[in-house]
2 protein chains.
Amino acid sequence: MSHQEFMDQAHAEAMKGLAEGGLPIGAVLIENGKVVARGHNKRIQDGNPVAHGEMDCLTNAGRRASYRNTVMYTTLSPCMMCSGTIIQFKIPEVVIGEAENFDGNIAFLENNGVKVTLMNDPNCIKMMKEFIEENPTLWNEDIAED
Amino acid sequence: MSHQEFMDQAHAEAMKGLAEGGLPIGAVLIENGKVVARGHNKRIQDGNPVAHGEMDCLTNAGRRASYRNTVMYTTLSPCMMCSGTIIQFKIPEVVIGEAENFDGNIAFLENNGVKVTLMNDPNCIKMMKEFIEENPTLWNEDIAED
């Protein structure tokens with residue numbers, strides 16, 4: 001599968017979150033070229049502030065001895081929690097849908113040896129832009145801005 | 001309450017985790033001088049690799065607009081996931097039981113404006129040391145060493 005096909009799956013996860021009344025941010029974890037876990041932001045649905053899309057995806061992936069052969073696809077540039085997690089778990093590669101609506105921590109990931117690809121995917125940009133415009137308070141809570 | 005009294009509560013959380021068959025790492029979140037949430041590592045109990053003690057404590061604390069008046073107490077120096085989370089959530093202060101068994105990311109926290117106090121608490125050191133000696137494989141999985 002291509003970058004675009006995996007990102008479309010992360011986007012579909014994000015849209016699932018939106019349909020549940022949550023933030024439209026999704027992620028998929030690939031291992032040896034196959035999707036092994038999917039997740040989306042569940043802060044609102046679960047009342048859980050650490051349930052960002054990447055964290056939910058890693059929760060769904062369950063316990064594993066190594067992330068050596070994995071790639072994380074995420075619709076939005078990872079925050080410091082999710083970036084720290086990617087580094088801690090030694091996930092070697094992250095593909096990011098967009099960094100326009102939230103610039104995240106791409107340099108921090110790269111400085112810690114993570115290969116980062118930024119797709120500038122128009123679907124991801126549009127989805128997040130519309131959500132932030134319509135829900136500025138929920139979005140600011142998600143990234144702990146006050 | 002004193003640093004020692006709050007750390008004893010984090011230690012009690014860790015011991016709860018040990019009694020459940022999990023890793024003995026615990027945390028409490030203080031807001032305006034009162035315990036508002038407790039948590040402990042539940043990787044084994046919940047099969048969830050992101051459920052470190054600090055993350056479980058923040059999950060239990062639920063959604064909040066701000067962490068401005070909070071202090072996190074944790075029995076063991078935070079890993080990169082938990083450190084990134086502390087920074088992302090703008091928790092201004094962290095009190096760490098010990099950094100002998102895992103040195104964590106104290107400089108990273110401090111460089112990002114977090115006030116860090118390292119207690120070198122003998123109870124925390126002994127608890128973790130004994131666990132690692134008896135369960136090296138579980139411990140290495142927890143910090144993603146392979």
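The largest cavity of the predicted model has a volume of about 90 Å³. It is one of two cavities of 30 Å³ or more found in a search of the whole structure. Its lining comes from chain B: Ile25(B), His52(B), Gly53(B), Glu54(B), Leu76(B), Ser77(B), Pro78(B), Cys79(B), Phe102(B), Trp139(B), Asp142(B) and Ile143(B). Two elements of chain B, α3 (53–61) and α7 (136–142), each give two or more residues to this lining. By class, seven of the lining residues are nonpolar, three are polar and two are charged. Glu54(B) and Asp142(B) belong to the lining and, as Glu and Asp, count as charged.

The second largest cavity holds about 80 Å³ of space. Its lining consists of 13 residues. Nearest the centre of this cavity lie Ile25(A), His52(A), Leu76(A), Ser77(A) and Cys79(A). In chain A, the elements that supply two or more lining residues are α3 (53–61) and α7 (136–142). The classes here are seven nonpolar, four polar and two charged residues.

The relation between the chains was examined next. In general, a rotation about an axis and a shift along it relate two copies of a chain. Here, chain B is superposed on chain A by a rotation of 180°, with 0.0 Å of shift along the axis and an RMSD of 0.0 Å. The two copies are therefore related as by a two-fold rotation axis. Within chain B, Gly84(B) has the C-alpha nearest this axis, at 2.4 Å.

Backbone geometry was considered last. Most residues other than glycine have a negative phi. Asn120(A) has a positive phi, near 50°. This residue sits in the chain A loop between β5 (115–118) and α6 (122–134). Its relative accessibility is 44%, so Asn120(A) counts as partly exposed; the exposed class begins over 50%. Asn32(B) likewise has a positive phi near 50°. The loop that holds Asn32(B) runs between β1 (26–31) and β2 (34–40) of chain B. Asn32(B) has a relative accessibility of 61% and therefore counts as exposed.

Notes. Residues are numbered from 1 along each chain as its sequence is written. Chains are lettered from A and ligands numbered from 1 in the order in which they are written. This is a predicted model: local features need pLDDT of at least 70, side-chain atom pairs count only at pLDDT 80 or more; totals for chains, interfaces and linings use all residues. Side-chain values use heavy atoms; hydrogens and water are left out. Helices (H or I, at least four residues) and strands (E, at least two) are DSSP runs, numbered from the N terminus. Buried means under 20% relative accessible area, exposed over 50%, partly exposed in between (1.4 Å probe, protein chains only). Copies are superposed by least squares on the C-alpha atoms of residues with pLDDT of at least 70 in both. On a 1 Å grid over the protein atoms alone, a cavity is a set of points where a 1.4 Å probe fits but cannot get out, and a pocket is an open set with protein on both sides within 12 Å along at least five of seven lines; lining residues have an atom within 4 Å of a point. Grid points are joined across faces, edges and corners, and a volume is the space filled by probe spheres set on the points.
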